[in-house]
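Trainee: I have a chain to look at with you. Could we go through it by question and answer?

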Amino acid sequence: MAEQTAPPESIGATGVLSAGPPGAVAPDVPPQRPDKPDAAVVRDALGVGIAVGLSGFAFGVTAAGSGLSLLQICALSLLVFTGASQFALVGALAAGGNPYTAAAGAFFLGVRNAFYGLRLSQLLALPRAVRPFAAHWVIDETTAVTVAQPTRRAARIGFTVTGLTLYVLWNLTTLVGAMGAEALGDTDVWGLDAASPAVFLALLAPMLKSTTERVTAALAVLLALTLLPVLPAGVPVLLSALAAPVVLFLMGRRKKGPGAAAQEERAIQKDTAAQKKATEKTAATEKKETTEKKGGRDS
């Protein structure tokens, strides 16, 4: 996670943990959100960690079907530990993609975790010695649980419980899935590679609250499905991210209204006329001063 020096913590008038001077409430933790019992935080974190952790079985089976060895499969889960990137890598390899292209696609998918870290570094404010280890657990699920908490204490508990549960289960089920792949036969028949995306969509869907977010998600899905038959594996997912700037651009145009272009053109013409008038006024003043100086010398 990105290193940032967190301001001292304090408790505001509402009893919500804040950062900054006593009595101030940090924007990271809205004051209207009530405290949440530790048991409730642990319960929610365990629910997410167990549900997603079990899908490591699907990754183990899928990775074994793509031709990776047991050591390679376990190393991916232990050292990479980001489901979307892992599935993208083995999916591209299984489809006959170039290993370097597959690795590049997996890398770019994992870059989003760096942006999660910028946010979580402010919410968690962990000691510097702990941050390199915590960074390994910065993924979609831990971020979703952490940002939903009302206090820093709850955020730290949610992040730790989710990360620990998910890391242990993901690696155990990866091992089991890779070892049991032969017993399952043709892994494509079971469709286990859809388990992790399904869990991710289940976590993402409740967070799409505004019209802009829903339209962006729908356009991203449409782009990915449209480009899937014509581009190498992993590339359509990367290009689907273009949905965000496209929607933001269209929303901005819509807010400006249909006459925005004409208004902008009139404003430019007005500015140009004003600049021309100022230039003419300056030239007239300089000409007058020159004439006066010349008349003074003649006299």
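Trainee: Is Gln-86 buried or exposed, and what is its relative accessible area?
Mentor: This is a predicted model, where local features need pLDDT of at least 70, side-chain atom pairs count only at pLDDT 80 or more, and totals for chains, interfaces and linings use all residues. Residues are numbered from 1 along each chain as its sequence is written, and side-chain values use heavy atoms, with hydrogens and water left out. Buried means under 20% relative accessible area, exposed over 50%, and partly exposed in between (1.4 Å probe, protein chains only). Gln-86 is therefore buried, at 0%.

Trainee: Which helix holds Gln-86?
Mentor: Helices here are DSSP runs of H or I with at least four residues; strands are runs of E with at least two; both are numbered from the N terminus. Gln-86 lies within residues 83–94, and that helix is α4.

Trainee: Leaving aside neighbours within four places in sequence, with which residues is Gln-86 in contact?
Mentor: Contact means heavy atoms within 4.5 Å. By that rule, the partners of Gln-86 beyond four places in sequence are Phe-59, Leu-76, Ser-77, Val-80, Phe-81 and Trp-170.

Trainee: Phe-59 belongs to α2. Which residues of α2 are buried?
Mentor: α2 is mostly covered, with seven of its 10 residues buried. Those residues are Gly-56, Ala-58, Phe-59, Gly-60, Val-61, Thr-62 and Ala-63.

Trainee: Why is Ser-66 classed as buried?
Mentor: Ser-66 sits in the loop between α2 (56–65) and α3 (70–80). Away from its neighbours within four places in sequence, Ser-66 is in contact with Val-90 and Ala-94. It counts as buried because its relative accessible area is 18%.

Trainee: How far is the backbone oxygen of Ala-63 from a polar atom of the Ser-66 side chain?
Mentor: A polar contact is a pair of N or O atoms within 3.5 Å; within protein, one must be able to donate a hydrogen and the other to accept it, and residues adjacent in sequence count only if both atoms are side-chain atoms. For the Ala-63 oxygen and the Ser-66 side chain, the distance is 2.6 Å.

Trainee: Which element gives the most residues to the lining of the second largest pocket?
Mentor: The lining consists of Leu-126, Val-130, Phe-133, Ala-134, His-136, Trp-137, Arg-156, Phe-159 and Thr-160. At least two residues come from each of α7 (131–135) and α9. The most, three residues, come from α9.

Trainee: Where is Leu-204, and what is its relative accessible area?
Mentor: Leu-204 is in helix α12 (residues 195–204). It is partly exposed, with a value of 30%.

Trainee: What separates the C-alpha atoms of Leu-204 and Ala-217?
Mentor: Along the chain, Leu-204 and Ala-217 are 13 residues apart. Their C-alpha atoms are separated by 9.7 Å.

Trainee: Which element has the highest mean pLDDT?
Mentor: pLDDT is the predictor's confidence in each residue, from 0 to 100. The chain averages 78, and 75% of the residues score at least 70. Strand β1 (residues 9–11) has the lowest mean, 40. The highest, 94, belongs to helix α9 (residues 152–179).

Trainee: How many helices and strands does the protein chain have?
Mentor: The chain has 299 residues, and buried ones make up 33% of them. Its secondary structure comes to 16 helices and two strands.

Notes: 1 Å grid on protein atoms, 1.4 Å probe; cavity = no way out; pocket = protein on both sides within 12 Å on 5 of 7 lines; lining within 4 Å.
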